Structures are given as C-alpha cells and as structure tokens.
Amino acid sequence: MFGGPDALSTCSFSQSGNVPGFLATSQVWFDPATNTLRLVFPLVLISVDAVFNYAVESAFGGSFGNNERAPDSVNFGSPGGFFTNDVGGIPPFNGARACGPDLTTIDIKPGSFPNTINPRSEGGLRVAVLTTDAFDAATVDPTTIRFGATGAEAAPVQSALDDVDGDGDMDLVLKFNAGDSGIKCGDIAASLTGRTFGGRALAGSDSIKTVGCQ
Ligand SMILES: [Ca+2]
Ligand SMILES: [Ca+2]
Ligand SMILES: [Ca+2]
C-alpha cells in the first residue's frame with residue numbers, strides 16, 4: 001500500500017499487486033507519538049486458508065526502511081504486526097483510525113460453506129451482513145450497498161432483515177445478480193461496501209470458491 005505526502009489527510013492510497021477489494025476494505029490507523037501506521041484488512045482477501053478474520057500490519061511511515069514491519073507469523077517472519085482472532089479482537093494501539101470503513105462480518109451464501117460461485121451464472125446470490133455485539137446490521141442503508149470482486153460492483157436487487165444465522169439477532173440479507181458481481185474464475189474472496197443510515201462507511205469480505213470454470 002502506497003501513499004503520497006498527504007495520504008493520511010486525503011485517505012488517497014494505491015496498492016501494488018492486484019488484490020481485489022483491498023483498498024475498499026482497508027483501515028489505516030496512525031499513532032503520531034511513535035509515527036507508527038497500522039493497516040487492517042480482511043485476511044480472506046489474500047489467503048484461502050485464512051483462519052483469522054483480519055490481518056494487521058504495523059509499520060513505520062516510509063518505504064522499505066529498517067523499521068518497516070510485516071505481520072508477525074511463521075509466514076511473514078518477525079518482528080511484525082499481528083493477526084487478530086476470529087472475533088476481530090486487535091492488540092492495543094495508541095493511534096486513531098485515520099482512514100477506512102467499519103469492518104463488518106459478512107456471510108456469502110449464508111449457512112453454506114465453501115461459498116461456491118459460478119462466475120458464468122446469472123443467478124441470484126445471497127449475502128448476509130451479520131449483526132454482532134459491535135455492529136447492528138439493521139443500521140445499514142441497503143441502497144448504498146455494492147458487492148463483488150472489489151466491493152464496488154453489484155447493487156442489491158432485494159434486501160430483508162432476518163436472523164440468518166439463528167443466534168437471536170436480526171441480520172441484513174441481500175440478494176444480488178451474480179452476473180453483476182465482476183467475480184472471475186480463480187478469485188478467492190469477494191467484498192461488500194456501503195454506508196449506515198448515519199453515514200458511516202462499512203466494508204466486509206468473505207472467501208469464495210469459483211466453480212464451473214473448466
Ligand atoms: Ca457462507
Ligand atoms: Ca449475531
Ligand atoms: Ca443473527
């Protein structure tokens with residue numbers, strides 16, 4: 001992820017490589033006391049084997065300097081940042097969120113896994129925004145929602161509140177035309193973006209498995 005001199009005030013970033021949904025769903029946190037950036041994004045965007053919801057990178061502002069750090073794991077080496085747990089807990093950080101949406105939990109094809117998608121199908125595809133202790137899906141304005149390969153593609157053709165995961169709270173269930181999603185054979189994740197009725201940006205991602213691609 002790259003940004004110019006005003007990137008933190010304009011929230012204007014670019015990315016190297018091609019990870020669909022990365023810019024739309026990333027949060028940038030900044031601690032001016034230590035000049036440390038934290039980057040938070042859904043780990044499903046980069047790994048089909050993701051067992052955590054979000055990856056966090058803690059890095060010194062600058063490029064490829066001695067203080068640049070990668071996530072602290074056997075795959076990334078150390079020292080580094082952190083992976084969060086499945087409920088989205090994140091290690092303490094003294095800075096504040098400078099850019100990026102509220103990260104919400106979504107479930108593509110609620111109740112089913114893996115989330116198989118045939119990119120050549122024009123059929124309906126259901127995606128749920130789940131209500132959690134930290135987020136009430138009923139606050140989402142369905143008219144602002146977009147879903148697909150980068151989170152900017154399909155608008156919902158239907159929306160309804162339903163307790164889709166049976167845990168006693170109401171979730172937002174959206175239906176999209178799969179053909180509008182921009183999902184291509186081999187994609188490993190899809191993203192949803194939108195706003196609450198109060199105007200807060202939100203985003204979430206979930207893994208997918210494309211089928212019918214031979
Ligand atoms: Ca699912
Ligand atoms: Ca819930
Ligand atoms: Ca529920």
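1. Two strands pair here if DSSP finds at least two bridges between them. Keep that in mind for the sheet below. The model is predicted.

2. An open sheet of four strands runs in the order E9-E17-E16-E13. Its pairing is mixed. Strand E9 (102-103) and strand E13 (146-148) stand at the edges. Each has a single partner strand, so one side of each lacks a neighbour in the sheet.

3. E9 pairs with E17 in the parallel sense, over two bridges. Leu-103 stands opposite Ala-203 in E17.

4. The largest nonpolar core has 37 residues. Those with the most contacts inside this core are Ile-106, Val-127, Ala-128, Val-129, Phe-147, Leu-172 and Leu-192. Elements giving two or more residues to the core include helix H2 (22-25), strand E3 (27-31), strand E12 (124-129), strand E16 (189-195) and strand E17 (201-207). The core draws at least three residues from each of domain 1 (2-100) and domain 2 (103-210).

5. Which residues are in contact with Leu-192, leaving aside its neighbours within four places in sequence? They are Ile-106, Val-127, Val-129, Ile-145, Phe-147, Gly-151, Ala-203 and Gly-204. Ala-203 is also the residue that Leu-103 stands opposite.

6. Some totals for the chain. It has two helices and 18 strands. Of its 214 residues, 33% count as buried. Among contacts between residues at least 6 apart in sequence, 59% join residues at least 24 apart.

Definitions and conventions:
Residues are numbered from 1 along each chain as its sequence is written. Chains are lettered from A and ligands numbered from 1 in the order in which they are written. This is a predicted model: local features need pLDDT of at least 70, side-chain atom pairs count only at pLDDT 80 or more; totals for chains, interfaces and linings use all residues. A nonpolar core is a set of buried Ala, Val, Leu, Ile, Met, Phe, Trp, Tyr and Cys residues joined through C-beta atoms within 7 Å. A residue is buried if 20 or more other C-beta atoms lie within 10 Å of its own, exposed if 12 or fewer, and partly exposed in between; C-beta atoms are placed from the backbone. Domain bounds come from an automatic or database domain assignment. Two residues are in contact if their C-beta atoms, placed from the backbone, lie within 7 Å.
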